Amino acid sequence: MKLDLKLTGCRAVTMDPAHPAAHTIGIWQGRIAGLDDQVADLPATETADLGNAVVLPGFIDAHTHLAWNGRRSRTVDVTGLTTVAQVLERLANAPGEGWIEASGYDRRIMDRPLTAADLDPVTGDRPLYVADISGHACVVNSAVLRQLPEITSDGWLTENDQLAARSLRLPYSLDEITAELHESARQVLAEGVTMCAEAGIGAGLIASSPLEAAAYQRARLPIRVQLMVSAYVLHDVAADPADGIARAIDLGLHTGFGDDMLSIGAMKLWTDGGMIARTAALSEPYAGTGNSGQLAESEEFMRAAIVDGHNAGWQLAIHAIGDRAIDFTLDAVAQAQRQRPRADARHRIEHCGLVRPDQLDRIAALGLIPVVQPTFLWSYGDDYSEIMGPQRAPWMYRGRSFLDRGITVAGSSDRPVADGSPLRAIEFMVRRRSSGGRAVGPGEAITVEEALHAYTLGSAYACRKEHVLGSLTPGKLADLVVLGADPRTSDAIADIPVLATMVGGTLTTQRSS
């Protein structure tokens, strides 16, 4: 046997307890052929000495938004602007005709909230959509509000009202989406990410087009992608009654269709909003307010989607940030499993942002997978801690409490809502300190090895890919990341340089150390 590539001089952290460390990795036909003595004497078409660099399995981002993230590069960027005057000056220079789209707005840091009355003089009759960083809100001008006569607003819209405004602009073309995907792929590869789960296509808050899956087929990205299909595309089907499937998507497609580069993953459902927009559904109000957030839809609608999706064979990815939304999710999943038991369904709670102590054992008992975004607390931990108050702040985006109950934790970014770097997220999971230096739930800190597991085998498990990804194990796909230092011994994990990223034995990005 002749290898395609032999990597030598490695300090490989394999994440495989059967062979936890390696110095040589053999690659053949896009897979790991063997480690160390298994391949040391085999010839190879190419040999690369990595100079004692650290090698890990490629990071897997189990919840991200590639198209939305890529789109930000071609919208008016208002990120970090803190005054209405600054935002208006930036928007006044918007090029082109037709819709003006802006991104990065953060109402929390503004001198005062931006309104349609502010926007109208600089936009005229051009419709304007300014996306809030949360993805759950926006500001629009009067040209948009006139097209939404059923909505009364000063321009600030959240959740379904926001979706109504965004729908006026949709759909984006397949060419636009394809370009956005390639832009995001370049970014994630530079951070050592080799697979992404796109969190919601086809309909809903983040969707770009009803033909969105076609853009991913067309793009042929250099990363692996798993598509979460929005539950809004479920429709009645005339299946045989014995199948027990009342609603599905066309052709009966569900989780698992596709190949190792592009596949259909979970069905995405929304049960509440977000903490940034103050729409995550809480059992007690946000500190100092009478606002407890909101559920995304009626309980009847959401429960039917969960039960029908479960019955149709889908793995479910249920967006639930607030503890009230998590209560609803636990009850609905339990009902679905009672009606039609499915072993190893691997239903997921996307975000799982505020988890009361009494909810932890129920999550474990139902086999649910929290898909967390640690960099939310790195970026916004000071704010989140204030709005939750001292009793609830330690319950946010847990780590230790999940692991101690045998719950698999999957790491993700929700890019572009927060920093997409897995190394940044891993550092937070270990240190539990925000960018402002605030300790956020220090009792939820986990070890570096456990944090690495969340972004490799944990995310692979959440995406039902642990048999081919997540560890440097012979027979698995040759996805790996080369780092300039070992996260297990580094004092600054987030600053470790990513030297190279490999997908299927192909080097996709490389830079000097």
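Which residues does Asp260 touch, not counting residues up to four places away in sequence? In this predicted model, local features need pLDDT of at least 70 and side-chain atom pairs count only at pLDDT 80 or more, whereas totals for chains, interfaces and linings use all residues. Residues are numbered from 1 along each chain as its sequence is written, and side-chain values use heavy atoms, with hydrogens and water left out.

Asp260 touches Arg31, Arg224, Lys465, Val468 and Leu477, where contact means heavy atoms within 4.5 Å. Asp260 lies in the loop between strands E15 and E16. Helices (H or I, at least four residues) and strands (E, at least two) are DSSP runs, numbered from the N terminus. With a relative accessible area of 28%, Asp260 is partly exposed; buried means under 20% relative accessible area, exposed over 50%, and partly exposed in between (1.4 Å probe, protein chains only). Between the C-alpha atoms of Asp260 and Val139, which are 121 residues apart along the chain, the separation is 39 Å.

The loop between strand E15 (247–248) and strand E16 (262–270) also holds Leu251. Leu251 is not a glycine, yet has a positive phi of about 70°. This residue counts as exposed, at 82% relative accessibility. A positive phi, near 50°, is also found for Cys352, again a residue other than glycine. Cys352 sits in the loop between strand E18 (348–351) and helix H10 (357–365) and is buried, with a relative accessible area of 0%. Most residues other than glycine have a negative phi, and most peptide bonds are trans.

Two cis peptide bonds are described here. One joins Leu170 and Pro171, with omega about 0°, and Pro171 is found in the loop between helix H5 and helix H6 (174–190). Another joins Arg415 and Pro416, with omega about 10°; Pro416 is found in the loop between strand E20 (410–411) and helix H13.

The cysteines were examined for disulfides, a disulfide being a pair of cysteine sulfur atoms within 2.5 Å. By this rule the count is 0. For Cys352, the closest cysteine sulfur is that of Cys463, 16 Å away, which is too far for a bond. Cys10 is buried, with a relative accessible area of 0%.

An open sheet is formed by 5 strands in the order E7-E8-E9-E10-E11, with mixed pairing; two strands pair if DSSP finds at least two bridges between them. Strand E7 (76–77) and strand E11 (156–158) are the edge strands, each pairing on one side only. Strands of a sheet pair through backbone hydrogen bonds, either parallel or antiparallel. Strand E8 (residues 100–105) and strand E9 (residues 128–132) run parallel and are joined by 4 bridges. Ala102 has Val130 in E9 as its bridge partner, and Glu101 stands opposite Tyr129 in E9.

Strand E9 is mostly covered, with 5 of its 5 residues buried. On one side these are Leu128, Val130 and Asp132, and on the other Tyr129 and Ala131, so that both faces of E9 are covered. Helix H5 (residues 159–169) lies across E8, E9, strand E10 (137–140) and E11, and runs at about 105° to E11. Axes are lines fitted to C-alpha atoms, for helices over the stretch in contact, and angles run from 0 to 180 degrees between N-to-C directions.

The axes of helix H11 (residues 374–392) and helix H13 (residues 422–431) come within 8 Å and cross at roughly 80°. H11 is therefore roughly perpendicular to H13; angles under 35 degrees count as roughly parallel, over 145 as roughly antiparallel, 65 to 115 as roughly perpendicular and the rest as oblique. In this contact, Pro374, Thr375, Leu377 and Trp378 of H11 meet Arg424, Ala425, Phe428 and Met429 of H13. These residues divide into 6 nonpolar, 1 polar and 1 charged (Ala, Val, Leu, Ile, Met, Phe, Trp, Tyr, Cys and Pro count as nonpolar, Asp, Glu, Lys and Arg as charged, and the others, Gly among them, as polar).

Helix H13 is largely enclosed by the rest of the structure, because 9 of its 10 residues are buried. The buried residues of H13 are Pro422, Leu423, Arg424, Ala425, Ile426, Glu427, Phe428, Met429 and Val430. Their cover includes strand E6 (59–64), strand E12 (193–201), H11, helix H14 (448–462), strand E21 (480–483) and strand E22 (498–503).
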